[in-house]
Amino acid sequence: MSAKKIAIIGGGNLGSAIAQGLLKSGFSQAGDITITKRNTDTLVALKDAGVQVEKDNAKAIRGAEVIIVALKPYNVREVLQEYSTVFDPAKQILISVVTGVSIDDLERIVPGMAVVRAMPNTAIAIQESMTCLSFKHATPEQTNFVTDMFNQLGAAVTIDEKLMDAATVLGACGIAYALRFIRANIQGGIEIGFDARTASLIAAQTVKGAAELLIREKTHPEAEIDKVTTPKGCTIAGLNEMEHQGFSSSLIKGITASYDKIVKG
Ligand SMILES: NC(=O)C1=CN([C@@H]2O[C@H](COP(=O)(O)OP(=O)(O)OC[C@H]3O[C@@H](n4cnc5c(N)ncnc54)[C@H](OP(=O)(O)O)[C@@H]3O)[C@@H](O)[C@H]2O)C=CC1
Ligand SMILES: O=C(O)[C@@H]1CCC=N1
């Protein structure tokens, strides 16, 4: 448990998922978290849980030691600019989860502040995020604090900032790709006889099992696939048909399309 006061500026999809994760993990007490947005009606559940819900960013920033900015890339500059004099660089750290805005850019907007970039995904709400972190001017104490926090909200890895856009695609967009894969499995499962609820359980638990095999056993996916593919069997017949239809290629092209969207706009 951390006693640090945390302000989340921008309580949208990701900001509120971070608040939920901080609460569920026990990393923070509800009263130590403040979350802001202009329309606070959507934050009723967090408010009911004891989180401080605010429209006033300045008040939230003043009362915090850790500020997490979860605004959209198109308004983060304007909003941080407005509050740049409210920050206290001697006592605070700024963590940005904003896509495509560099540490240098953010540190220019809020002079003197140590900025950390973090790229979590929405599974942070249930402590299952993959979070990529980049540090530049953070002190060792700040670095340890941020790393520990995101490790308690899933798994955290430190990367070179030049890989942050790639991390956004693989880790943050990746949740959506995985869910679309699961949805396709559910659709197939229904076509071969399952009701939607049962197909959904089987598809989701099977994907979870596949992921856990790689994480716990540290094996290569193809080594695990070899254990499933009986010669002349149904698995290899299905897998090969998927590849004939461009399965791996479509995923790789989707990943590079997402990446190009961040890098080229
Ligand atoms: N969603 C995801 O899975 C991930 C998102 N990201 C990044 O995180 C950031 C947030 O994304 P996401 O949560 O999806 O976006 P959302 O649009 O859901 O959240 C942004 C929130 O900011 C609030 N906001 C806008 N202006 C202000 C302001 N002046 N003061 C306070 N709050 C404000 C908006 O609410 P209101 O209009 O009521 O003020 C909105 O809810 C983006 O930069 C995104 O790229 C990174 C990884 C994963
Ligand atoms: O789609 C987006 O732009 C954001 C960034 C990563 C996840 N969602």
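How many residues surround ligand 1, and which are the closest? The shell holds 25 residues, and the closest are Gly10, Gly12, Leu14, Arg38 and Thr99; a residue gets into such a shell if its C-beta atom, placed from the backbone, lies within 6 Å of the molecule. Before going on, some ground rules. This is a predicted model, in which local features need pLDDT of at least 70 and side-chain atom pairs count only at pLDDT 80 or more, while totals for chains, interfaces and linings use all residues. Residues are numbered from 1 along each chain as its sequence is written, and chains are lettered from A and ligands numbered from 1 in the order in which they are written.

Back to ligand 1. By class, its shell has ten nonpolar, twelve polar and three charged residues. Here Ala, Val, Leu, Ile, Met, Phe, Trp, Tyr, Cys and Pro count as nonpolar, Asp, Glu, Lys and Arg as charged, and the others, Gly among them, as polar. Helix H1 (residues 13-25) gives the most to this shell, with three residues. Helices (H or I, at least four residues) and strands (E, at least two) are DSSP runs, numbered from the N terminus. Ligand 2 has Thr99, Thr168, Ala172 and Cys173 around it, which split into two nonpolar, two polar and no charged.

Now zoom out. The protein has eleven helices and eight strands, and its C-alpha trace spans about 70 × 40 × 30 Å along the principal axes. The domain assignment, which is automatic or comes from a database, gives domain 1 (6-159) and domain 2 (167-264). Their centres, taken over C-alpha atoms, are 31 Å apart. Where the two meet, domain 1 puts in nine residues and domain 2 seven residues, with contact meaning C-beta atoms, placed from the backbone, within 7 Å. On the domain 1 side, five of those residues are nonpolar, four are polar and none is charged.

What about the inside? Buried residues make up 33% of the 265 residues; buried means 20 or more other C-beta atoms within 10 Å of the residue's own, exposed means 12 or fewer, and partly exposed is in between, with C-beta atoms placed from the backbone. In soluble globular proteins, nonpolar side chains tend to be buried together. The largest nonpolar core here has 57 residues, and those with the most contacts inside it are Ile8, Ile68 and Val69. Such a core is a set of buried Ala, Val, Leu, Ile, Met, Phe, Trp, Tyr and Cys residues joined through C-beta atoms within 7 Å. Not counting residues up to four places away in sequence, Ile8 touches Gly15, Ile18, Ala19, Ile33, Ile35, Ile68 and Ala70.

Gly15 is worth a stop. This glycine lies in helix H1 and counts as buried because it has 22 C-beta neighbours inside 10 Å. Beyond four places in sequence, Gly15 is in contact with Ile8, Gly10, Ile35 and Ala70.

Another stop is Asn57, in helix H3 (residues 57-62). An unreviewed UniProt entry annotates Asn57 as "binding site"; such annotations may be inferred rather than shown by experiment. Why does Asn57 count as buried? Because it has 23 C-beta neighbours inside 10 Å. Leaving aside neighbours within four places in sequence, Asn57 is in contact with Ile9, Thr36, Val79 and Tyr83.

After H10 comes Gly246, whose phi is positive, near 90°.
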